[in-house]
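This report covers one protein chain. It goes through charge pairs, strand pairing, cores and surface in turn.

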Amino acid sequence: MEVLVFLLVVVAVLAVLALAMAVKIVKQYEQGVLFRFGRLVGTRSPGLRVIIPFVDVLHRVSLRIVTMPIQSQGIITRDNVSVDVSAVAYFRVADAVKSVIAVENVHAAINQIAQTTLRKVVGQHTLDETLSETDRINLDIRQILDVTTADWGVQVTLVELKDIQLPDTMKRAMARQAEAEREKRAKIINAEGESLAAAALGDASDTMMAHPLALQLRNLQSLVEIGVDKNTTVVFPAPLMSTIGELGSFLARETASATSPAPPTELPTKTIPAPTSNGVPETV
């Protein structure tokens with residue numbers, strides 16, 4: 001009797017274990033791939049699924065988008081600059097059967113092919129292109145990965161360069177280049193400002209030459225601006241250029257008069273009376 005009870009207990013435990021091994025739950029974001037005696041039977045949709053223990057094997061494959069960081073890669077660009085580039089890839093399983101049969105570990109395979117593709121694509125570009133044309137590089141990497149992973153039942157949705165590390169010497173050189181570029185633009189802007197100011201002053205001088213009273217009004221405006229500060233100094237502006245011209249003419253006249261020879265001096269003439277026949281002197 002005790003042996004029979006023991007056998008019943010053992011059978012019950014085995015039945016519970018078999019039932020636990022036979023019942024599988026496939027989640028909503030998963031798809032099951034069923035193998036029976038090592039042969040593919042088919043796929044199983046989400047829900048409660050019952051399999052034959054020790055005969056069937058159910059692989060559950062996640063269909064969600066997976067975020068996979070691509071570790072930093074030491075890359076030499078086309079212009080022989082060493083950079084460290086890291087990226088991030090987003091992919092999803094489109095065919096659960098291929099992802100199980102075609103490749104042993106789909107995540108490891110995509111990680112390795114993404115690293116090699118990153119080195120290959122970035123190495124074909126110069127440093128300036130790598131820094132400025134990241135969108136085109138991301139698209140090239142994604143297209144290459146799509147072609148490779150299509151046979152694995154995986155679809156790469158997005159690849160983005162995450163970080164680009166430059167050598168310290170290159171950072172200093174780029175900083176000097178940026179500083180020189182800004183200095184050049186500052187000089188160009190300053191020269192354009194001087195040109196516009198000179199043109200405006202020329203127009204103003206033409207207007208003042210055509211209207212002499214405008215210069216006097218400007219002088220009065222200058223006096224008003226000086227008088228705001230309540231200075232004790234009184235300034236009487238004068239036309240500067242005309243004053244300089246008059247001073248130059250005066251110096252020229254003085255120099256000419258100093259260098260010209262003096263005119264000869266005329267002696268005074270004396271009148272001598274001439275005698276006449278009647279003794280009365282006659283003036284000659």
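## Salt bridges

A salt bridge is counted when a side-chain nitrogen of Lys or Arg lies within 4 Å of a carboxyl oxygen of Asp or Glu. The structure holds 6 of them. The model is predicted: local features need pLDDT of at least 70, side-chain atom pairs count only at pLDDT 80 or more, and totals for chains, interfaces and linings use all residues. Residues are numbered from 1 along each chain as its sequence is written, and side-chain values use heavy atoms, with hydrogens and water left out.

Aspartate 56 belongs to strand β5 (residues 56-62) and arginine 36 to strand β2, so the pair ties together parts that are 20 residues apart in sequence. Helices (H or I, at least four residues) and strands (E, at least two) are DSSP runs, numbered from the N terminus. Aspartate 56 is buried at 7% relative accessibility, whereas arginine 36 is partly exposed at 34%. Here buried means under 20% relative accessible area, exposed over 50%, and partly exposed in between (1.4 Å probe, protein chains only).

Glutamate 133 pairs with arginine 136, their closest N and O atoms being 2.2 Å apart. Another salt bridge, between glutamate 183 and lysine 187, has an N to O distance of 3.6 Å. Both of these residues, glutamate 183 and lysine 187, lie in helix α6 (residues 168-210), 4 residues apart, about one turn of the helix. Glutamate 183 is partly exposed at 44%, and lysine 187 is exposed at 55%.

## Strand pairing

The chain has 8 helices and 10 strands. Two strands pair if DSSP finds at least two bridges between them. β6 and β7 run antiparallel and are joined by 9 bridges; β7 and β8 are also antiparallel, with 10 bridges. Alanine 87 in β7 stands opposite isoleucine 70, and its bridge partner in β8 is leucine 161. The hairpin of β6 and β7 has 5 residues between the strands, and asparagine 80 takes a positive phi near 60 degrees there.

## Nonpolar cores

A nonpolar core is a set of buried Ala, Val, Leu, Ile, Met, Phe, Trp, Tyr and Cys residues joined through side-chain atoms within 4.5 Å. The largest has 27 residues, and those with the most contacts inside it are Val83, Val85, Ile110, Leu118, Ile141 and Leu161. Two or more residues each come from β6 (66-76), β7 (82-93), α3 (106-123), α5 (134-149) and β8 (154-165). The largest share, 7 residues, is from α3.

Contact means heavy atoms within 4.5 Å. Beyond its neighbours within four places in sequence, leucine 118 is in contact with Ile70, Gln73, Ile75, Val85, Ala87, Ile141 and Leu161. A second, separate core of 5 residues includes Phe35, Val61, Val93 and Ala96.

Threonine 130 lies in helix α4 (residues 127-132) and is buried, with a relative accessible area of 1%. Not counting residues up to four places away in sequence, threonine 130 touches Thr77, Val122, His125, Ile137 and Ile164.

## Exposed residues

Of the 284 residues of the chain, 20% count as buried. Phenylalanine 37 lies in the loop between β2 (30-36) and β3 (39-44) and is exposed at 64% relative accessibility. Leucine 17, in helix α1 (residues 2-22), is partly exposed at 47%.
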